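I opened this entry to keep a record of what I looked up, one topic at a time.

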Amino acid sequence: KGMVISAKMKRTIIIRRNYLHYIKKFNRFEKRHSNVAVHCSPAFDVKEGDIATVGECRPLSKTVRFNVLKMEKNQIFGTARKQFRLF
């Protein structure tokens with residue numbers, strides 16, 4: 001799962017996957033994220049801030065290796081770019 005941060009390409013969206021990484025020395029977690037390019041079928045109505053569930057598929061292009069399986073609407077106030085939210 002991840003939050004849609006860009007839907008500007010044709011049939012491709014960028015999702016942001018947030019996760020926590022444990023630092024053993026300090027006994028704490030740090031926030032990390034990765035952006036993933038995902039193929040989005042025209043059947044889905046996608047807006048920035050929505051939550052996308054994705055699944056692995058064959059390589060569709062140089063960067064696209066995932067497909068959208070399910071979209072959940074999300075109410076985001078402001079920009080969706082830098083918000084950290086675990087799913």
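I count a contact wherever heavy atoms lie within 4.5 Å. The model is a predicted one, in which local features need pLDDT of at least 70 and side-chain atom pairs count only at pLDDT 80 or more, while totals for chains, interfaces and linings use all residues. Residues are numbered from 1 along each chain as its sequence is written, and side-chain values use heavy atoms, with hydrogens and water left out.

I looked up A52, and, leaving aside neighbours within four places in sequence, I found A52 in contact with K1, G2, V4, I15, K70 and M71. G2 stands opposite A52, which is in β4.

I then followed the strands (DSSP runs of E, at least two residues, numbered from the N terminus). Strand β1, residues 2-6, pairs with β4 in the antiparallel sense over two bridges, pairing being called when DSSP finds at least two bridges between two strands. Five strands close into a barrel in the order β1-β2-β3-β5-β4, with mixed pairing.

Next I asked which residues make up the largest nonpolar core. I noted eleven, among them V4, I15, C40, A52 and M71; such a core is a set of buried Ala, Val, Leu, Ile, Met, Phe, Trp, Tyr and Cys residues joined through side-chain atoms within 4.5 Å.

Last, I searched the whole structure for disulfides (cysteine sulfur atoms within 2.5 Å) and found zero. The cysteine sulfur nearest to that of C40 belongs to C57, 12 Å away. C40 is buried at a relative accessible area of 7%, whereas C57 is partly exposed at 23%, where buried means under 20%, exposed over 50% and partly exposed in between (1.4 Å probe, protein chains only).

Terms used: Helix = DSSP H or I, 4+ residues; strand = E, 2+ residues; numbered from the N terminus.
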